[in-house]
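Please read the following notes alongside the model. They are meant for someone who has not looked at this structure before.

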Amino acid sequence: TRVFRKMADSNRGLFKVIVDGKPTTDRIKNSGEIPEVSKMTPIIVNTMQDADPSVGRIADTIARHLGIRPNINMYTSPPHSVGLTAHHDPQDVFVIQVSGSKTWLVCDPIGPGRSLPTRVSDDPSHDLYYRYSTKDLEGATCREYELNIGDILYMPRGTIHAPATHKNSSVHLTVGIDGDFTWGDFFKGVARSGGFEKPRESLSTLFTCLPQRDLNRLVPHLPLWDTQNNRITLQQAQLEFSKGVENLGWGKCPLETRERLLRECLGVVGKVVDLMLKLQVNSRSRKPKFWT
């Protein structure tokens, strides 16, 4: 209720109503309408980590352990309601049940979800389309979980899920672990930092011989966070990234090519880490603040 009262013209877009399994922003005009609307249909409130101090503390604690300050959304649902239709997310997700109960259909990734997607598309014809029909899920490995107060459900990127309530209403938080950089981004940073003798050719080779899942994996963000907070040195962060590069799935890369690419990457790790730190600082300084 205290969050609903914070709705204003500047943050109205953060309050969304779920209609036919999809979010829309055109159903709530002011905070006074929310209590009544919430009795009839699910509501999403985005970026709760900036709206509520208790949720902000959850985000800060996660950041200290993962190096990523998550985005946290709140979902309120009346009894006997269906939330978002079956879909996968482009980030790892923790669901925290705050009030009532909710049933979750959870299915193993299929199609594009298997590659740890970092982006999604609402275009059904696009390779990154992330919604699934009942027919799409025929043959998929699915399970059903009922979350009660205090329960937590973890779903890696690409995991298909669809929530619904039955006799009880529900409030839950969705904690999205959405990092800034993947290993694919790291290699682009190597090219930008002058590490590759032939940048276009090297990037093409890397993106061909390395598994897509590895390219989409997040780089270790905790060393970046700890470096910015003076917990470790830049040299220690570089060492963590060097280990990460060497542990990727290089098996399909020809030995000579692999050795050359590794040598070129490791030669500029420090420059790439420094570039990532600067990009993070610049991004955070430009991040708009909707909650005041």
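**Notes on strands, helices and cores**

1. Ile-160 of strand S8 is the bridge partner of Cys-107. The model is a predicted one. Strands S5 (residues 92–107) and S8 pair in the antiparallel sense, over 5 bridges.

2. Helix H7 (residues 234–246) packs against helix H9 (residues 269–286) at an angle of about 110°, and their axes are 9 Å apart. H7 is therefore roughly perpendicular to H9. On the H7 side the contact is made by Leu-234, Ala-237, Gln-238, Phe-241 and Ser-242, and on the H9 side by Val-269, Gly-270, Val-273, Met-276 and Leu-277. By class, this contact has 7 nonpolar residues, 3 polar ones and no charged ones.

3. The largest nonpolar core has 29 residues. Those with the most contacts inside this core are Trp-183, Phe-186, Phe-187, Phe-196, Phe-241, Trp-250 and Met-276. Two or more residues each come from helices H3 (183–192), H4 (199–209), H7, H8 (255–267) and H9. A second, separate core has 24 residues, among them Leu-14, Ile-68, Ile-96 and Val-175.

4. What does Phe-241 touch, not counting residues up to four places away in sequence? The residues are Trp-183, Phe-186, Val-219, Pro-220, Pro-223, Leu-224, Val-269, Val-273 and Met-276.

Key: Residues numbered from 1 in each chain as written. Predicted model: local features only at pLDDT ≥ 70, side-chain atom pairs only at ≥ 80, totals over all residues. Heavy atoms only, no water. Axes fitted to C-alpha atoms, helices over the stretch in contact; angles between N-to-C directions. Helix = DSSP H or I, 4+ residues; strand = E, 2+ residues; numbered from the N terminus. Parallel < 35°, antiparallel > 145°, perpendicular 65-115°, else oblique. Contact = heavy atoms within 4.5 Å. Nonpolar A, V, L, I, M, F, W, Y, C, P; charged D, E, K, R; others polar. Core = buried A, V, L, I, M, F, W, Y, C linked by side-chain atoms within 4.5 Å. Buried < 20%, exposed > 50% of the residue type's maximum accessible area, 1.4 Å probe, protein only. Pairing = 2+ DSSP bridges.
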